[in-house]
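User: I would like to learn how to read a helix and a set of aromatic rings in a model. Could you take me through both, giving the general idea before the case?

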Amino acid sequence: MKFKTLFITFVSVLIVAGLIGGGIYLSRLKRNQTVLNHFSLAEKALNENDPDKATQHLQIIVQRYGNSVVAPKACYLLAKLNFETSNFDSAKHYSELLLKKYPQSKFVYWASYYLGEVLLE
């Protein structure tokens, strides 16, 4: 009898843990899909020569999903877009953010470049 009670308790704990873990997994999956959707829309806007719309989506990624895989690239693209449109304060901001928050990113070189160019302006 005692074994049966322990077994049922153990199985119940496993089921609850699975439900909680599954909920966390689904939450993360939805979050990743949202981030990738914003990035896809930003790329589409860039291809359609709509930097304002691209900037909106990229800013959402950097502000809300700063720990995502695409956040460093979003930050780099924001620095680049702002530099190309002579919005040097924002270009400096995103370059510095990339250097500070993502120092191992492959976009660090470009952030340094834009930051240097902005300082020369």
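User: Which residues are buried in H4?

Analyst: Keep in mind that this is a predicted model. As a general idea, an α-helix has 3.6 residues a turn, so residues three or four places apart point the same way. In this structure, the buried residues of H4 are Ala 91, Tyr 94, Ser 95 and Leu 98. They cover an arc of only 100° around the axis, which puts them on the same side of H4.

User: What covers the buried residues of H4, and which exposed residues does the face turned away from its buried side carry?

Analyst: The cover includes helix H2 (51-64), helix H3 (71-84) and helix H5 (108-120), whereas the face turned away from the buried side carries the exposed residues Asp 89 and Lys 100.

User: How many aromatic pairs does a search of the whole structure find?

Analyst: In general, a pair of aromatic rings is described by the distance of the centres and the angle of the planes. Here the search of the whole structure finds eight aromatic pairs. In one of them, the ring centres of Tyr 76 and Phe 107 are 4.9 Å apart and the planes are at 15°, so the pair is stacked. Because Tyr 76 lies in helix H3 and Phe 107 in the loop between H4 and H5, the pair ties together parts that are 31 residues apart in sequence.

User: Is Tyr 76 buried or exposed?

Analyst: Tyr 76 counts as buried, at 13% relative accessibility, and Phe 107 is buried with a relative accessible area of 13%.

Conventions. Residues are numbered from 1 along each chain as its sequence is written. This is a predicted model: local features need pLDDT of at least 70, side-chain atom pairs count only at pLDDT 80 or more; totals for chains, interfaces and linings use all residues. Side-chain values use heavy atoms; hydrogens and water are left out. Buried means under 20% relative accessible area, exposed over 50%, partly exposed in between (1.4 Å probe, protein chains only). Helices (H or I, at least four residues) and strands (E, at least two) are DSSP runs, numbered from the N terminus. The arc is that of the directions from the helix axis to the C-beta atoms. Contact means heavy atoms within 4.5 Å. Rings of Phe, Tyr and Trp (its six-membered ring) pair if their centres lie within 6.5 Å; planes under 30 degrees apart count as stacked, over 60 as edge-to-face and the rest as tilted.
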